[in-house]
Amino acid sequence: MNPDIPLQLLGGITAREFLRDYWQKKPLLIRQAIPDFQSPIDADELAGLALEEEVESRLVIEKGERPWELRRGPFAEDEFSKLPEREWTLLVQAVDQFVPEVSELLENFRFLPSWRIDDVMISYAAPGGSVGPHFDNYDVFLLQGHGKRHWQIGQMCDAESQLLEHADLRILADFQGTDEWTLEPGDMLYLPPRLAHCGVAVDECLTYSVGFRAPSAAEVLTHFTDFLSQFMSEEERYTDADAQPVSDPHQIQRDALDRLKGLLAEHMGDERLLLTWFGQFMTEPRYPELVVGPELAESELLDSLEQGAVLIRNPSARLAWSEVDDDLLLFASGQSRLLPGHLRELLKMICAADALHIDNLGQWLADDDGRNLLCELVKQGSLGFADE
Ligand code: SIN
Ligand code: CO
């Protein structure tokens with residue numbers, strides 16, 4: 001994707017300009033980011049998803065059994081008919097995994113790494129509905145899908161920002177509005193992490209949140225060190241063969257700290273392991289139980305493809321690739337595979353995985369490594385056969 005082409009999605013600026021001036025820095029309102037946008041899903045379909053066991057959903061009712069009542073799905077059908085006329089919101093997480101047309105929306109965001117994308121959450125709000133003023137720790141693009149929503153943005157927040165006392169929701173006690181706009185279908189608002197915001201439905205409305213993910217520093221450290229420790233033996237320890245006589249046996253001296261720093265640097269500085277861990281971590285699926293594949297022999301895969309079968313990425317799978325020296329790494333739903341450099345174009349195709357079929361796979365099916373990889377990915381559940 002050429003980063004210097006002005007994008008309608010970004011209000012006529014280029015991806016390069018957006019990243020330089022707005023990404024993780026300041027909000028951007030884009031009128032008609034997607035002109036004449038028609039939501040591929042309506043309120044009834046969204047409510048239908050919220051009945052399903054495998055779908056994460058929440059209801060926020062402003063004047064419920066207590067202020068800002070939070071209920072978690074799955075919901076029973078009659079729960080929706082008992083809701084008040086106004087001031088409630090249904091939020092459904094990861095709709096992109098269940099509705100292909102919603103997943104296709106993500107194609108608009110290919111100027112950002114796909115492994116940074118978390119999900120597309122869709123909310124339906126009754127008139128006046130809101131989840132209250134709050135901040136998120138993630139970047140988000142809020143695309144208006146249907147009806148109108150009035151957005152206010154406010155101050156930058158941090159861990160010290162005062163919240164209302166509430167067991168489940170993080171509502172700001174103090175919201176200092178700075179700007180406000182009413183968004184109509186196709187309008188979009190980009191918000192950087194930690195910017196306070198509050199959206200209130202003018203009429204009944206649907207809002208799409210394209211949310212991003214970034215591991216916290218604590219997650220990086222705990223998960224990476226857990227990963228590293230698998231490769232370490234009990235025998236490898238703090239050593240002090242260079243120890244000198246001590247003046248006070250009770251003092252921990254500088255040299256001990258230096259040895260520890262050396263030990264940490266030796267392991268933490270291993271770029272290959274860092275990359276392997278990071279790729280696995282960032283491609284872990286949100287719902288691992290939805291990434292399962294069939295037993296399959298390579299010959300069966302070949303037969304199916306020859307008969308016109310099409311492979312696509314499982315919408316619940318995450319894929320990314322990288323390179324180490326002359327080799328390649330493919331990360332698929334939390335697993336990594338070291339692969340020979342000649343598979344580069346195949347890896348790119350698999351990660352983009354719009355559709356893989358006999359015509360575009362062609363030569364790769366004659367390649368032992370390529371064929372084996374495709375078969376393994378189907379068996380793992382990261383790739384699957386498209387419905388006819
Ligand atoms: C909503 O869609 O109601 C809330 C989205 C958000 O503020 O993050
Ligand atoms: Co938010």
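**View 1. Aromatic cluster.** Ring pairs join F18, Y22, W23, F109, F111, F141, Y190 and F212 into a cluster. Rings of Phe, Tyr and Trp (its six-membered ring) pair if their centres lie within 6.5 Å; planes under 30 degrees apart count as stacked, over 60 as edge-to-face and the rest as tilted. The model is predicted: local features need pLDDT of at least 70, side-chain atom pairs count only at pLDDT 80 or more, and totals for chains, interfaces and linings use all residues. Side-chain values use heavy atoms, with hydrogens and water left out; residues are numbered from 1 along each chain as its sequence is written, and chains are lettered from A and ligands numbered from 1 in the order in which they are written.

**View 2. The F18 and W23 pair.** The structure contains 20 aromatic pairs. In the tilted pair of F18 and W23, the centres are 6.4 Å apart and the planes lie at 55°. Both F18 and W23 are buried (under 20% relative accessible area; exposed is over 50%, partly exposed in between; 1.4 Å probe, protein chains only).

**View 3. The F224 and W277 pair.** F224 and W277 form a tilted pair, 5.6 Å centre to centre with 45° between the planes. This pair links distant parts of the chain, with F224 in helix 5 (residues 217-229) and W277 in helix 7 (residues 271-282), 53 residues apart. Helices (H or I, at least four residues) are DSSP runs, numbered from the N terminus. F224 counts as buried because its relative accessible area is 4%, and W277 is likewise buried at 4% relative accessibility.

**View 4. Cobalt site.** H134 (NE2), D136 (OD) and H197 (NE2) coordinate the cobalt ion (ligand 2) at 2.1 Å. Donors are N, O and S atoms within 2.8 Å of the metal (3.2 Å for Na, K and Ca); water is not among the atoms, so sites may look incomplete. H134 is buried at 14% relative accessibility, whereas D136 is partly exposed at 28%.

Conventions:
Helix = DSSP H or I, 4+ residues; strand = E, 2+ residues; numbered from the N terminus.
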